[in-house]
Amino acid sequence: MIVVYGIKEKLNPIKSQLSDVIHGCMQSVLGMPEDKRAHRFVPLERDDFYYPGGRSDAYTVIEINMMAGRKPETQKALIKAIFRELESQLGLPPVDVEITLKEQQPYQWGFRGMTGDEAKDLKYNVNV
């Protein structure tokens with residue numbers, strides 16, 4: 001699951017394109033299937049979103065939750081691809097983007113009535 005935070009006036013107009021860019025990177029780098037898009041957008045009021053100096057009101061935080069197992073170089077490739085594509089496709093400069101990967105063990109995921117370590121029918125590889 002991916003959660004994206006930003007100031008609502010900046011985030012709302014680009015949510016759909018942002019989702020497309022992030023999911024495209026998830027597909028190309030991690031091999032995620034098209035139908036595994038799980039994105040949540042949290043548009044915030046300006047006074048509810050504090051961010052570091054040197055950033056614009058377009059500052060966007062992207063939290064990517066995923067099962068543990070991907071190699072560090074794969075994770076770095078994902079982060080760099082998202083930075084590159086957000087700037088290329090949306091004009092969102094890397095200084096205005098923060099990306100955090102949060103890994104949890106497969107047994108800590110619950111979906112379709114089972115835990116991630118019990119799922120034998122995933123259409124993608126976790127260990128890449």
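Reader: What percentage of the 128 residues in the protein is buried?
Author: The model is a predicted one. Buried here means under 20% relative accessible area. By that cut-off, the share of buried residues among the 128 is 38%.

Reader: In what order do the elements of the protein run from the N terminus on?
Author: The protein has 3 helices and 6 strands. Read from the N terminus, their order is β-α-α-β-β-α-β-β-β.

Reader: Why is the protein as compact as a globular protein of that length?
Author: For 128 residues the globule rule gives 14 Å. The protein is as compact as a globular protein of that length because its radius of gyration is close to that figure, at 15 Å.

Reader: Which element gives the largest share of the largest nonpolar core?
Author: The largest nonpolar core has 22 residues, and M26, I62, I64, L78, I82 and L86 have the most contacts inside it. Two or more residues each come from β1 (2–7), α2 (15–30), β3 (60–67), α3 (72–90) and β4 (97–104). The largest share, 6 residues, is that of α2.

Reader: Which residues does L78 touch, not counting those up to four places away in sequence?
Author: L78 is among the residues with the most contacts inside the largest nonpolar core. A touch requires heavy atoms within 4.5 Å. With residues up to four places away left out, L78 touches C25, M26, V29, L30, I64 and L101.

Reader: How far apart are the mean positions of the positive and negative charges of the protein?
Author: The protein has 17 positive and 18 negative charges. The distance between their mean positions is 4 Å.

How values were computed. Residues are numbered from 1 along each chain as its sequence is written. This is a predicted model: local features need pLDDT of at least 70, side-chain atom pairs count only at pLDDT 80 or more; totals for chains, interfaces and linings use all residues. Side-chain values use heavy atoms; hydrogens and water are left out. Helices (H or I, at least four residues) and strands (E, at least two) are DSSP runs, numbered from the N terminus. The radius of gyration is taken over C-alpha atoms; the globule rule is 2.2 Å times the number of residues to the power 0.38. Buried means under 20% relative accessible area, exposed over 50%, partly exposed in between (1.4 Å probe, protein chains only). Lys and Arg count as positive and Asp and Glu as negative; His and the chain ends are not counted. The place of a charge is taken as NZ of Lys, CZ of Arg, CG of Asp or CD of Glu. A nonpolar core is a set of buried Ala, Val, Leu, Ile, Met, Phe, Trp, Tyr and Cys residues joined through side-chain atoms within 4.5 Å.
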